[in-house]
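Subject: Structure handover

Hello,

Here is the structure we discussed. My notes on it follow below.

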Amino acid sequence: MATAIEQLTNGVHFLAPELILVVTVCVMFLTGPFFVTEAGVGAPGLRKRWGALALVAIGCAGFVWWTSDAARPLDTGPFRADALTWYVRGLTLALGAIISIILVDQIDDGHSAESQACLLAILVGVNLTALANDLVVLFLALELVSVPTYVLLYLPRRGEANQEAAIKYMLLSIFSSAIVLYGMSMLYGAAGTTNLAGIAEKFADGMPEDSTTLIRLSVAMLIAGLSFRLGAVPFHFYAPDVFQGIPSAAAAMLSYVPKVVGFVALLRLLPLVGGLGVAEAVDGPSARILLAALAIATMTIGNLLAFRQDNLYRLMAYSSVAHAGYMMIGLVVEGGNDDVSGVGALLFYLATYGLITIGVFALFAGISSEKSPVRVVSDLAGMSRIHPAVALALAVCLFSLTGLPPTVGMLGKLNLFFASWGEGTTLGRSLAIVLAANAAISAWYYLRIIGVMFFDSAPAGEPAKLTLAPAVAGALCSIASILLFIAPQFLWEAAVKFVP
Amino acid sequence: MSPATQHLVLWLIPGAPLVAALAIALLGKTVLHERSHWPCWLALATSMVCAILLVTKLVPSTFENADETVMGAMATGYSWLKVGTIDVRIDLRADAMSALMLTMVTSVSFLVSIFAAGYMHGDKGYPRFFGAVSLFVFSMVMLVLSANFLQLFIFWELVGLCSYLLIGFWFQKPSAAAAAKKAFVVNRIGDMGLILGIFLIWDTFGSMDFSKVLFDADNLSLIAQDHPTRMIAICFLLLVGAMGKSAQFPLHVWLPDAMEGPTPVSALIHAATMVTAGVYLVARSTPLFMYAPQAQVFISCIGATTALVAALIALTQTDLKRVLAYSTVSQLGYMFMALGVGAAGAELATAGATAGMFHLVTHGVFKALLFLSAGSVMHSMGDVIDMRRFSGLRKVIPVTHWTFLCGAGALAGVPLLAGFWSKDEILAVLHEAGHHSEKYGTIFTAVYWIATFTALLTAFYTFRAYFMTFWGPERTPPEAGHHPHDAPPAMAWPLRILAIGALTVGAAVAVTHLFAHYFEHTPGFTPIEQHVFHIGLMVQSGLIALFGIAVAWFMYVKNPGLPAKVSQGANFLYDLSSRKFFLDEIFTAILVMPLRGLAHLCFLFDTHVIDRIVDGVGALPRLLSAAPRLLQTGYVSNYALMMWVGALACMGYMLGLFHQ
């Protein structure tokens, strides 16, 4: 039996993308302070250089990822790479690069090194979540996402609203982490090991009779704690308040990254305790029903609350809540025999949702400036005449969020619908209907924004100047969402490769 | 030709216009400006050359050693949507029918795009126009090249979208915006039928591929035996889709209004190409329709009604483009009449489809010519198109006059011109169907006589428009300026080429039965044993055409006072025709008003019920947090409490507290 250290040493070669990022993080944190004055002011343009360094690091990591072998599972030890890891790594790096581009112009030169470093650390955390094969590693990875997030939210220091948002997120996030940790410790108590493969082995012949209560409690706590990251109702209350106070790069990150780690952690943990799919006995309380109830509550309440929002960031926060609800359907349904699998539909949706939501925030960042910030819906009035290309790209992204053709958002919802309808159970069909109804409701508030952009007249006065980098990044997201509609197959195949 | 070349040629047909559309969209405003027609021209020329290669080389090579599964030239694309049991591929597939149609579509598009460069010169939206035209041609050829029903539907919608964009090209004009909206709404009715039909096909056949649904005769007859009513439902639903797109009565109301778009658009989309998509769909689905004779008879009847009603309306229109628009509707009705004769016997189906598709091709040529000539008239008259405001233009704009005359002759069915041959084929096949069928003989005989009568009306109204415009005293409206000028070269040459086409294409193709011999290789059709000329019918229809022209000459050249007397004498009938049988008013009463009422009801429901619910739900979190707020002041602890309550609820559920 190899020791943990030996396993780690052996594992270095498949941790290469993360190591590249970690080294860059260290370089940024350690050398960053030397480039700024004692008052914390950096040379003009410094932020661009740090941004470029972050992009280069992500690019290198991406290259290593691309050349790595997709399906080469490594059995035990603290890390385990499989199809899910490969998929999540690709998503993280690609979308992380876009967030990094948005971040460049949203931070002053003096704090850019730390901000970019935090972002890279968060990306490492996401990848490690997908790599974890041990409860301890999984928890550490989740915290590696959370802790830099607190710093990233706090660093812009744009007045009280920003600080309030950062503190609020930190306190509630720590609370949720505590619940997750409780759940994990109970799981350890029931299984006697922290190794995920070991736990699976232990439970392979059915749950031990004497620790049923312990396992049930742990499942409830894991779902409740991780629901905070998904933004599921009733753990979503932080979302609108926090989104309202933070710049768009942080909002883009927050609307997406926590969802990835939340779903990945659930996908890793729930199968251990029989919490996925229909395999579980129907009688007695099941995690499946609990998740279904959370999914329905989440998408419905998220959409209804988004209805009346005038602040774009609050609206997008509720929209991210609603989308979490859609995706949770993928955890519940198994799909029919030769139809779409729920998990496949979830992973596909995760990628497309990330692309679109980050695209929306990138475009917000592109048309926003210190003098004329874009925060409420009416700030977008007449955008089709001021910046027609941005308005068009934003319209495409909003179409995609609604789930209308010709955008990939439609395929994402279609897959989830097929998965739940094709399962053939009452629960699956009801979820499919609720999904369709919610998609219809959401059209109202997304299309309203498009209406304001294209039909309202622009306010008088000097229009805001375009910030080029994020606007281009956002436009690329919208183009990608159309291209993925035309050719979705490769993404779909990557998504369905992982079978829990 | 090697498979790789075949792929290239097939993919270039839609690919080139798509690239042009993207290039114009990206560079039109900033770089290309007044040069925006170049990408469009190049792309359409490429498409045309490839289409000619396709029709002359690629497709004939598949006639001899036909691949059982494909039966045509195929270019594989990729699997677009592969989810569970659903597998939708984007492939290109061309057989005799689609190759013939493609040749017409691409060459007419090319000539129209050349004409448009002259016509649209100086317009603010010049790049936008050519971008939209390129996108339209891409969608249209993809529609024709589709290998399955879903792909067909996607591009069916896309051509509809382009049509909508181009009708409303001058969206600043309220009438153009209204016409675009009308076209959009009326077409949705048709599209609803089409998509339901396609779903039903998928449900019945388990596939949407043409090869499985249409060309697998054994499977088709098996399924038709099992689900006879379903086949009828499918055919009627497809037919509704075709009626919307091809402007068949009573869904024809959008087409005349669509003339608000720029004239090249009317020529290209609303005369030659897009509106014939419905005819193509029905002709393509003939193997399905063979199992639904009721639907086929219905096609013929609808076609006859449309042809007659539109021709009657065209008699009194004073807007030159509207006369042509109604004549388009009427001619599309002719094509539908021919497509329905399969009900009279399977051996007639091929002849009917051949006649319909032949008329589609010749009509595409001469109607595009007529519209472009009308556009040229409009161009020199300072955008005036009301025939009461000008006359005697034959000396003022001689090129336009001669080309218009060629087109008018072809449309009227003057012997040996394009329209004569194709219309004659339709009449012949209807005549034969009337004699052949016991069950539906009377109906087809009636349809035949309606068609013959419509031919007379066609000749009359076409030459009425011609005489009103080009004969009589020379008058020009003040908008035209002092010296109205004839078409510049960019507009004149397409007119001349199309005029030669209108004069010759019928004779060249019909006399040798070239078209029919080529067409019968289309999978799903049985080859015709022998081709005969119907000399008696030809003489009859030739005389009818000449008689109609003579009447028009008598009324509008010889006795210019006569039309006014006639219209006074038959006041009611005149009103009926000039007010388009009050169809717009009827539509408003039975469709628009109830829908508006429904919309208002929905609005009331929205404001009074939905909004209340939304307000209520919006207040819910506040209500829920009201109690904790009494005890705690900070929001964060408030939220934390909610989370804790949620977590407790989860635990409670998992421990079975909420279970009995």
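Among contacts in chain A between residues at least 6 apart in sequence, what percentage join residues at least 24 apart? The figure is 80%, where a contact means two C-beta atoms, placed from the backbone, within 7 Å.

This is a predicted model, in which local features need pLDDT of at least 70 and side-chain atom pairs count only at pLDDT 80 or more, while totals for chains, interfaces and linings use all residues. Residues are numbered from 1 along each chain as its sequence is written, and chains are lettered from A and ligands numbered from 1 in the order in which they are written.

Chain A has 20 helices and zero strands (DSSP runs numbered from the N terminus: H or I of at least four residues for helices, E of at least two for strands). Its radius of gyration is 22 Å, close to the 23 Å from the globule rule for 500 residues, so chain A is as compact as a globular protein of that length (taken over C-alpha atoms; the rule is 2.2 Å times the number of residues to the power 0.38). Of the 500 residues of chain A, 59% are buried (20 or more other C-beta atoms within 10 Å of the residue's own, with C-beta atoms placed from the backbone).

In chain A, helices α11 (residues 248–269) and α13 (residues 312–332) pack at about 20°, with axes 11 Å apart (lines fitted to C-alpha atoms over the stretch in contact, angles running from 0 to 180 degrees between N-to-C directions). α11(A) and α13(A) are therefore roughly parallel (under 35 degrees). Residues making this contact include A:Phe263 of α11(A) and A:Met327 of α13(A).

In chain B, 20 of the 20 residues of α15(B) are buried, so that helix is largely enclosed by the rest of the structure.

Regards

Notes. A residue is buried if 20 or more other C-beta atoms lie within 10 Å of its own, exposed if 12 or fewer, and partly exposed in between; C-beta atoms are placed from the backbone. Angles under 35 degrees count as roughly parallel, over 145 as roughly antiparallel, 65 to 115 as roughly perpendicular and the rest as oblique.
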